[in-house]
Amino acid sequence: MAYGVTPDGFVRPRLPEIRQEIVAALAANLRAAGYSDDVQTRPDSIFGLAIDTFAERQAALWELAEGVYYAMYPGSATGVSLDRAVSFTGVTRLADEKSRAYVVLYGQSGTIVPAGAQISNELTQTLWATAEDAVITAGGAADVSLIPTVVNSATYTVTVDGVPYAYTSDPTASIAEILAGLVAALSTSPYAVSSNGAAVRLQSDGRQAFSLAVSANVAVDQIGSPVLAETLEAVAESAAPGTLTGVVTRINGWEAVDNLQASAPGRLAENEAQLRARYPSGLSRLGAATLPSIAPNVRDKVVGVSAIRVYENATDAVDASGRPPHSLHVVVDGGLDDEIGDAIFRTKAGGIDTHGSVTVTVTDDEGASHAIRFDRPAPMYVWVNASLTLLPASEQEFPADGYDRVAAAILATGQAHQISQDVLQQRFFCAIYQTQGIGMVDLTFAYSTDPAFVPTSADYSADNVPIQEFEVAKFDATRIEVT
């Protein structure tokens, strides 16, 4: 039989086969030298001990050769060999990623908050830090509060990004009238404006900065400037708006912090199963400006992307989903808006329009600005209840941390769901039964678009959870119960 690399793949001889060949070769050599071939090769004989010694070493070499052979292929390689095998198509293992968010720093104008200044999530107490130096200033604000002085027949002017917005009070002015007038004047600006009865508040989305100047009869009561922050460690933390509010590093002039938009969750390093599953996308990623290449390119270029789906309208008319003619519609979960917009711009074909409710401005290498649009999927929050029936300990023992293992398996399976992918009950069973000692599991789901929803027992069902075209199922350890 042929061994080594053959048309059928790599064939390795086993230890008994190697021993038999050595015995046959030894007998043949003895006969050729004129000696009797009546040699004792039992394992307890002198020749037997020598044959077994060399046979074991030869078997180890064959195992090494087989390992080298299979280390070439993504389906069988492990560790660093797997990283090198998938690299032939440009795929690299996704490393640990910190969660990131734009936060707004509030305080006295001119205050410098250096990179590394720490803040905390008031709900989880996770520590975050600013990623770069920031200056609290009206020239780069994201959130300001303005208090007008009541003056009859006076003109109140607020200049935003060089554009003046004015209101003139009447001869019998009141604070309510002036606030309403300023809100109406500023409503045509690109930013959100509101009033609480005492001041006018002007806000961007929490990442964009605008310049601000006011007339003498308007006082700036509060200034907030944006900066990018990230967790100290790699962790998949979803910080909802209004949760990054704890100031840990005390700096004179820095009074408060807040996040006006949700964070982009990070992740732990990609495991081998996830890397193998993503390997085929490398073939598409090497192409550019083609529909199959856009999703893997955006995923690889943007930190924190957990799910992505790309649609297109190749017709000459607006389609049923409202996509304009000859346009791309990218739906992305995770990642920062600016980075997603830049990745789409660098990947899509020239002259192709983009569609979506989120708009970012991308500047090309020649300084020209381009509006790139995309969408975020609507989250469908899923609650899971798994009731286990255990086998008798005499048949198969359930581990001490078995309930935690099952919960972790459910969470990992749930977080692998992509945009518009239904939550199917059968998909979870394989991961659950990897924990030994389980005889049966009763798996039920509850779901809602409201994260504050508290399901009752009547809300749980064994039915699959339908996910619509622009939705994504969201799983969290706090919404998984295993009993």
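In this predicted model, local features need pLDDT of at least 70 and side-chain atom pairs count only at pLDDT 80 or more, while totals for chains, interfaces and linings use all residues. The largest nonpolar core has 39 residues, and Leu105, Val160 and Trp254 have the most contacts inside it. A nonpolar core is a set of buried Ala, Val, Leu, Ile, Met, Phe, Trp, Tyr and Cys residues joined through side-chain atoms within 4.5 Å. Buried stands for under 20% relative accessible area, exposed for over 50%, and partly exposed for the range in between, with a 1.4 Å probe and protein chains only. At least two residues of this core come from each of β3 (98–107), β8 (143–148), β9, β10, α4 (175–186), β12 (200–203), β14 (218–234) and β16 (254–258). Helix α4 gives the most, with five residues. Helices (H or I, at least four residues) and strands (E, at least two) are DSSP runs, numbered from the N terminus. Residues are numbered from 1 along each chain as its sequence is written, and side-chain values use heavy atoms, with hydrogens and water left out.

Contacts are heavy atoms within 4.5 Å. Not counting residues up to four places away in sequence, Leu105 touches Val113, Ala134, Ile136, Ile223, Gly224, Ser225, Val227, Trp254, Ala256 and Val257. Another core, of 23 residues, lies apart from the largest one and includes Phe398, Val423, Ile432 and Phe445.

The sheet around β9 comes next. Strands β10, β9 and β13 form an open sheet of three strands in the order β10-β9-β13, with antiparallel pairing. Its edge strands are β10 and β13, each of which pairs on one side only. From one strand to the next, the twist averages 15°. Helix α4 packs on this sheet and touches β9 and β10, and its direction makes about 150° with that of β10. Axes here are lines fitted to C-alpha atoms, for helices over the stretch in contact, and angles run from 0 to 180 degrees between N-to-C directions.

Two strands pair if DSSP finds at least two bridges between them. Six bridges join β9 and β10 in the antiparallel sense, and Thr159 has Pro164 in β10 as its bridge partner. On the β13 (residues 212–214) side, β9 has three bridges, again antiparallel, with Leu212 in β13 as the bridge partner of Val160. In a regular strand the side chains alternate between the two faces of the sheet. The covered face of β9 holds Tyr156, Val158 and Val160, and its uncovered face holds Thr155, Thr157 and Thr159.

The hairpin of β9 and β10 has two residues between the strands, and Asp161 in the turn has a positive phi of about 55°. Asp161 belongs to the loop between β9 (155–160) and β10 (163–168). With 38% relative accessibility, Asp161 is partly exposed. His326, likewise not a glycine, has a positive phi of about 50°. The loop that holds His326 runs between β17 (307–313) and β18 (327–333). His326 is partly exposed, at 39% relative accessibility.

Aromatic rings are a separate topic. Rings of Phe, Tyr and Trp (its six-membered ring) pair if their centres lie within 6.5 Å; planes under 30 degrees apart count as stacked, over 60 as edge-to-face and the rest as tilted. By this rule there are 12 aromatic pairs. Two of them are tabulated here.

| Pair | Centre to centre | Angle between planes | Class |
|---|---|---|---|
| Tyr3 and Trp62 | 6.2 Å | 65° | edge-to-face |
| Tyr69 and Tyr70 | 5.1 Å | 85° | edge-to-face |

Tyr3 lies in the segment before β1 (4–6) and Trp62 in helix α2 (residues 46–70), so their pair ties together parts that are 59 residues apart in sequence. Tyr3 is partly exposed at 24% relative accessibility, and Trp62 is partly exposed at 22%. Tyr69 is buried, with a relative accessible area of 17%, whereas Tyr70 is partly exposed, with 32%. Through ring pairs, Tyr3, Phe10, Trp62, Tyr69, Tyr70 and Tyr73 are linked into a cluster.

Arg479 lies over the face of Trp383, at 5.6 Å from the ring centre. A charge sits over a ring if NZ of Lys or CZ of Arg is within 6 Å of the ring centre and within 35 degrees of the ring normal.
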